[in-house]
Number of protein chains: 2
Amino acid sequence: MSSGTGKSGSRKRAVYPPTDYERIFHPQAIAIIGVSADENGVGFGTGMLRAIMMMGFEGKIYPVNPKGGTIAGLEIYRQVEDIPGPVDFAVIAVNARYVPDALEACRKIGVAGAEILSSGFSELGTKEGRELERRIQDIAARGIRVVGPNCFGIYCPASGLTLLPGPDLSRETGPVAFVAQSGGMSIDLAHAGKWLGVRFSKMVSFGNGADLREAELLHYLADDPETRVISMYIEGIKDGDAFFSELKAAAAKKPVIVYKGGLSAAGARSVASHTASMGGSRVIWHSVLRQAGAVQVNDTEEMAQANLAFATLPPKAFRGISIVGGGGAIGVTACDTAETYGIEIPALPPELQERIGSVLPKPGSSAINPIDVANPFVGPEALKEVLLGAAEDERVELQILVSLLFHYKGLARAFGRPVTEVTPYRELAQCVRDVVAKTGKPVIAVLPNMTRGVDSMDVTELIALTRREYLSCGIPVFDELHDAIRAISHVNNYYGGRIK
Amino acid sequence: MSSGTGKSGSRKRAVYPPTDYERIFHPQAIAIIGVSADENGVGFGTGMLRAIMMMGFEGKIYPVNPKGGTIAGLEIYRQVEDIPGPVDFAVIAVNARYVPDALEACRKIGVAGAEILSSGFSELGTKEGRELERRIQDIAARGIRVVGPNCFGIYCPASGLTLLPGPDLSRETGPVAFVAQSGGMSIDLAHAGKWLGVRFSKMVSFGNGADLREAELLHYLADDPETRVISMYIEGIKDGDAFFSELKAAAAKKPVIVYKGGLSAAGARSVASHTASMGGSRVIWHSVLRQAGAVQVNDTEEMAQANLAFATLPPKAFRGISIVGGGGAIGVTACDTAETYGIEIPALPPELQERIGSVLPKPGSSAINPIDVANPFVGPEALKEVLLGAAEDERVELQILVSLLFHYKGLARAFGRPVTEVTPYRELAQCVRDVVAKTGKPVIAVLPNMTRGVDSMDVTELIALTRREYLSCGIPVFDELHDAIRAISHVNNYYGGRIK
């Protein structure tokens, strides 16, 4: 599959070093080594200090800098040894050549784990860089777990730990774990999760992965009670056998969603300079992931959307669905997409068609399935009747409601009122919530926005508000039908329900 | 391929009826038959009257309703025959059973063409519906061209004609034509084009296509000097031979982008109830479109993005590209995507790497290609140097600049200033424009937005503003790298440059 920068050919590791993950993810006290001694200073250490404070971390924070002083009302300790109490977790952000000493000092005072934000290690491709990283590994092997170097660190909403540039990530905890070498990918997903409604249990950006990395994190997350869905972005792996074995074991317990980057020749080259590991061939990876029972996605958006589907839908396959929306072309597109992903859109029986048709405008509507409600202004109560009706067909196991809310801008203009006032988006979300409660069948909302210009910011806000309203009712929301159907297909594939 | 509702087996039509397209697309005077006689009335006719007036149509407008009266300051004529001057084009929006008489009246007074917005024809699947549609065809054959019925009509920015629910479409004219049975698809694309920067020459939503439809419109657009790019959404076609022949002829002259809907079983069913025509098999269509030299896309977004690429990029294939952005994972993703689409990302020669590297932050950056500028705050002047440098490699024929502008929110927070003030987006667009002018190689901007929540509307607006700024400099903008690369690949495929 691939080999890393270390010795290759190592056997499957069944035993990992004892690790106090509780102290790492939920520390009572943290040290931040490498803050600026200047109150207005910048840098990774200072940035992380501010970010953690803005997140509302409630434990003790001990900043460290040889010059001493104070920062943000906190005393700066001149060295790790001067810290007056126990420390669970450390953030190390000093120049690469000082990192080994800082890490060793942390180990000596009993820190459980450290994240090393600094870069300048094996990713440089230099002898010096590799040597520095080897020293980190040596220290780690003597009793402190390391995340990094060259990473954005750990995000844990429950405790308030956050990624390097992430002072504004959500503090709401949730079922999704994410691990990645890439810090950029981690922060992107954390940001996207915030508005998309994906809540995380913990996120680990492990950069070069000198110590803790993919296989061992999988091993941990597979049994982590806070994590119901595991997702990961992988550029390269260190030990193919161990990874495959952990992946298979984890995927047998809970969904594991994998986005493998660096599958092309240029991609592999880019991986090498990014996080100092090797990529691998597309075909081999595809086959390995399938054999392990993992869910394979191809970009960050698809990853985020799969996270949303697995986190919000019941753990089962949805063989048949209904699609309700105003505008026939959407129905046609939906059918084509559903077929591509092996999902059925059963034609409803005549008596249901008649009942559903009776609440829809005529001519222009069609109640067969996809159900074309003819125009975007059909109200929430009528849509509720439509959804309740379609759910009576036992072949319909999930419903998708597509609302082209941007058309309300026309009504708003005609009435001379704000678009958020003329659009019944709160009622819409409540009606859908009622339908789910009554039928026991999930509904997914799709909110396309065709008007995203500077002169349509009110529509963009309306759609953001509607999304928030839906999410508060437990209804997942996607931008586009294709995205929703693809996400459902991932759920179907994992739970074994794919129609061949 | 497929057969329609009319007689099948007809031979290729080489000769179409004489048609005064100038009077149809650029009318001096229009009649709107079926406005409400009540000033506050609703309905398609009244909606279209208001929409055309809001668009600023400068010709004469003659509303028609048997009750007479006035609407929006215009006299309402009781019948078509009462209209006091010549009429070039008519909008017919009366109940289906009155449509034939209205159309016949238009024909008699010498109207060149009419759009019939009303539904209630063959799409109903009833004998009455089919019979009404046949009467329309008979009248059309005697000397008036018909768009529709069951359609949203014609959008022509130059003249001010607009689609049924489209009072706010752009009046800027441009090189892209679009034809579709689906009105919903047409209005979606017209809305999307407005902010995406796709400008249209003309758009025809022809619904059931009783008279004017895909093959004949292709024949016209192939030689229309206002149209440089033809795009179409097709659900079903009436005459496969004629369509294929016109498609091949048109695609030999200019790019023709085709989105074929209704390729699945359920999709075909949905097509039948939507616009009364038949779909066809996926494999056959794929092969037919390839043989004809058409560009095939799979959804509205891909269509809009392909339109943008063909309208803004020079007419050639781009075999090698550079990708510049901050955040290594993006480079990896880009490489993978580029390989999938047969586009090369050549590693730059060492001397260029060194020169480019000299303006980038260290460590963390990489100047190989993809060029990782290490963080999202690298300024426009430095990016300009990077782009100028990369363009010196003759294998780089196009450049993509990815800017993660949403990270500026952190800076804005730190400085206590609006994000639109701390982000140098105007300078960014100007620098890129300068690069294009100096190098003669196009640059595509990619502006992902990972923060789209209700609490990040300022970032969403920043990105909309940046897009507008780029567009005013002639730089196309995409949301995601994948979208940009896929759009380039369509251009490459059409101009024959695909690397196998």
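In this structure, 63 residues of chain A are in contact with 62 residues of chain B, contact meaning that the C-beta atoms of two residues, placed from the backbone, lie within 7 Å. This is a predicted model, in which local features need pLDDT of at least 70 and side-chain atom pairs count only at pLDDT 80 or more, while totals for chains, interfaces and linings use all residues. Residues are numbered from 1 along each chain as its sequence is written, and chains are lettered from A and ligands numbered from 1 in the order in which they are written.

**Side of chain A that touches chain B**

- Two or more residues each come from α5 (183-196), α8 (265-275), α11 (328-340) and α17 (457-472) of chain A; helices (H or I, at least four residues) and strands (E, at least two) are DSSP runs numbered from the N terminus.
- The most is given by α11(A), with ten residues.
- By class, this side of chain A has 27 nonpolar, 24 polar and twelve charged residues, where Ala, Val, Leu, Ile, Met, Phe, Trp, Tyr, Cys and Pro count as nonpolar, Asp, Glu, Lys and Arg as charged, and the others, Gly among them, as polar.

**Overall form of chain A**

- Chain A contains 18 helices and 18 strands.
- With a radius of gyration of 25 Å, close to the 23 Å that the globule rule gives for 500 residues, chain A is as compact as a globular protein of that length; the radius is taken over C-alpha atoms, and the rule is 2.2 Å times the number of residues to the power 0.38.
- Along the principal axes, the C-alpha atoms of chain A fill a box of roughly 80 × 50 × 40 Å.
- Of the 500 residues of chain A, 59% count as buried, a residue being buried if 20 or more other C-beta atoms lie within 10 Å of its own, exposed if 12 or fewer, and partly exposed in between, with C-beta atoms placed from the backbone.
- Among chain A contacts between residues at least 6 apart in sequence, 74% join residues at least 24 apart.

- Ala112(A) lies in the loop between α3 (99-108) and β6 (113-116) of chain A.
- Ala112(A) is buried, with 22 other C-beta atoms within 10 Å.
- Neighbours within four places in sequence aside, Ala112(A) is in contact with Asp20(A), Arg23(A), Ile24(A), Asp88(A), Phe89(A) and Arg145(A).

**Helix packing**

- In chain A, α13 (380-391) and α16 (425-439) pack at an angle of about 20°, with their axes 9 Å apart; axes are lines fitted to C-alpha atoms, for helices over the stretch in contact, and angles run from 0 to 180 degrees between N-to-C directions.
- Therefore α13(A) and α16(A) are roughly parallel, the term for angles under 35 degrees.
- The residues of the contact of α13(A) with α16(A) comprise eight nonpolar, one polar and five charged.
- In chain B, the axes of α3 (99-108) and α4 (127-141) come within 9 Å and cross at roughly 5°, which makes α3(B) roughly parallel to α4(B).
- To this contact α3(B) brings Val99(B), Pro100(B), Leu103(B), Glu104(B) and Arg107(B), and α4(B) brings Leu132(B), Arg135(B), Ile136(B) and Ile139(B).

**Helix α14 of chain B**

- Tyr408(B), Lys409(B) and Gly410(B) are buried in α14 (408-415) of chain B.
- The buried residues of α14(B) pack against α15 (419-422) and α17 (457-472) of chain B.
- After α14(B) comes Gly416(B), with a positive phi near 65°.

Definitions and conventions:
Parallel < 35°, antiparallel > 145°, perpendicular 65-115°, else oblique.
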